[in-house]
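Here is a set of questions and answers to work through with the model open beside you.

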Amino acid sequence: MALRRKWANSFIFAILLVGGVFMIAPLLWMFTTSVKDRMDVFALPPVWIPNPMHFGKYSEIWDKGPLLSGIKNSVFVAVTVTVVGTFTSSLAAFSFAKLRFPGKNKIFLLMISSLMIPYPSIMIPQFMMFSKMGWVDTLLPLIVPGLFGNIVMIFFLRQYLASVPNALIEAAKIDGSSYAGIYARIVLPLIKPAVAAQLILWFMAIWNDYLAPIIYLNSPEKQTLQLVIANFNATYAIQTDYPLIMAASVVALLPMLIVFLVFQKQIIESVAISGVKG
Amino acid sequence: MTTKSKLYRKEAYWGYLFILPPVLGLLIFALFPVIYSVYGSFTDWDGLGQMNFIGLDNYKELFHDELFYKAMRNTLYMMLGIPLGLLLALMLALGLNRGIPGTTAFRVVYYVPVISSLAAISIMWNLAYNGDFGLVNQFLDLFGIKGPNWLMDKSTVKPAIMLMMIWKGLGYTMLLYLAALQSVPKDYYEAAELDGANAFSRLRHITWPMVKPVTFFVVVTNIIGGSQVFTEINIMTSTGGPEFSSASVVFYVWQKAFGNLQMGYASAMTVILGLFIFIVTLVQFKLDRSSEINE
């Protein structure tokens, strides 16, 4: 029995390994293409490890398109939204979980139901609204809605707060703490791990967003990173400069990959929870 | 008594204040636009001139719009990958649930495509599907298969994009399954084994029912996400593919609204999309309720 299990496990390990190769090989290929000599891209049989590697494209990309401003814009949008939005969301989650006021559950239900409104169903009026305000071709339409909070985050933080005993908050109230004080000194420190995980997930979603930026941003220097690399793809594919395109794409992909590898434990755990509870 | 009601009033005041920003955000950036969208779908809205009420004209026109039908069919077609993705993810999760060494590393490896930028991934697959020197055909060549020019051929462009979507989403579904599997009590399996149940019947009678909520959740979220697919289409087939064979509904909406400024017409499409998603969510809710009652 034990031997059979050992064999079965080795077999499964091998399958998982092959699957893992299928997951990673395209990304590796993306990287090796970016360091290939332009002719090697077309070589048959394919060159897997170019010799020598040409890292020249990684210095060329900064002059071939607004990559740097793209990074700056993406960072600006994602940081502003997540920092302010996490504050407003966690405050609302605290209120929904621990404070008593009439109509609370109805309002919460309304918020949760609004989650099923797909973005395409609101993007046209939203666009006209922001265009009336003169915000088209600025980063504001990508930033301002997020500042008001994120319903998914409110939902998960509220769930998380359910495990915080009410007595803790009642005690602070009796001690004369203000509600803002209870939030800052008791609630926030307690939910920090959940806040951090949700913040990272939200940051990644904003960083990788494509539909909203493509609607609002026209000028190259206003565009977010994802749009910039899409334009690299459209522009340099005609010249078949694939190493250049891949180098720009690797640069767009790398920051989130690093964030993921650093925080993989927290990210994976909070995603796994979302499914069980979802 | 008065101090108590005063305290309550104070609590309610702060309670409302704390939820004010998201409530305002919801009203301004979601509810108002969604109502406006419905209204706009009954007008000849072009974003420039006056909006004139034209009744159901947009919807009538949609009924005869061959491209809209095509976009809907394409979108549904690309969702056919959902069951395949589920099956692969469940098999991987079952493999990972045996305490094999390297489980953590595998979880990370399979999750990398999930966190990767969709734009960057689409650009990479765009090249990988190239008929002459793409990774996919080079791989097929090892087995002596001559692959097509995937994205240029109307019969292969949808399966190609579908496979890419499976590849990207696999790690997420696998992770959810794995979490569900880990919560199945071990003694269920031990009891079944004592009763002489073989591996397949254990899978069918214990594992599958236990992970049903996850299957459900993933199917619904995938349908909702899949009905809004846009980025892959926009990057990999910038014109909507050969003969519009890869254009999705949202791609067509985007073209009509922001390319042709037919905002009323595009709004009608988004109303249909919204209704579709509403129905899917409702069905999930109903089924979820009934499964809870049955068990």
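Q: How much area is buried between chain B and chain A?
A: Buried area here is the accessible area (1.4 Å probe) that two parts lose on being put together, summed over both. Carbon and sulfur atoms give 79% of the area between chain B and chain A, and on chain B's part, Glu11(B), Phe18(B) and Phe29(B) supply 10%, more than any other three residues. The total comes to about 7800 Å².

A word on the ground rules: this is a predicted model, in which local features need pLDDT of at least 70, side-chain atom pairs count only at pLDDT 80 or more, and totals for chains, interfaces and linings use all residues. Residues are numbered from 1 along each chain as its sequence is written, chains are lettered from A and ligands numbered from 1 in the order in which they are written, and side-chain values use heavy atoms, with hydrogens and water left out.

Q: How many residues does each chain bring to the contact?
A: Contact means heavy atoms within 4.5 Å. By that rule, chain B brings 87 residues and chain A brings 92 residues.

Q: Which salt bridge involves Glu11(B), and are its two residues buried or exposed?
A: A salt bridge is a side-chain nitrogen of Lys or Arg within 4 Å of a carboxyl oxygen of Asp or Glu, and the rule finds 2 of them across the interface of chain B and chain A. Lys173(A) sits in helix α8 (residues 166-174) of chain A and Glu11(B) in helix α1 of chain B, so this pair joins two chains; helices (H or I, at least four residues) are DSSP runs, numbered from the N terminus. Buried means under 20% relative accessible area, exposed over 50%, partly exposed in between (1.4 Å probe, protein chains only). The bridge is Lys173(A) to Glu11(B), at 3.0 Å from N to O, and both residues are buried.

Q: Why does Glu66(B) count as exposed?
A: Glu66(B) forms a salt bridge with Arg73(B), at 3.8 Å from N to O. Glu66(B) counts as exposed because its relative accessibility is 51%.

Q: What span should helix α4 of chain B have?
A: Residues 81-96 make up this helix, and its buried members include Gly85(B), Leu86(B) and Ala89(B). Those buried residues pack against α1 (2-34) of chain A as well as several helices of chain B, among them α3 (66-78) and α5 (103-115). The expected span is 1.5 Å times one less than the number of residues. With 16 residues, α4 should therefore span 22 Å, and its end C-alpha atoms agree at 22 Å.

Q: Which residue's backbone oxygen lies 2.9 Å from a polar side-chain atom of Asn137(B)?
A: Asn137(B) belongs to helix α7 (residues 135-141) of chain B and is buried, with a relative accessible area of 6%. Its contacts beyond four places in sequence include Ala128(B), Gly147(B) and Trp150(B). The backbone oxygen at 2.9 Å is that of Pro148(B).

Notes: A polar contact is a pair of N or O atoms within 3.5 Å; within protein, one must be able to donate a hydrogen and the other to accept it, and residues adjacent in sequence count only if both atoms are side-chain atoms.
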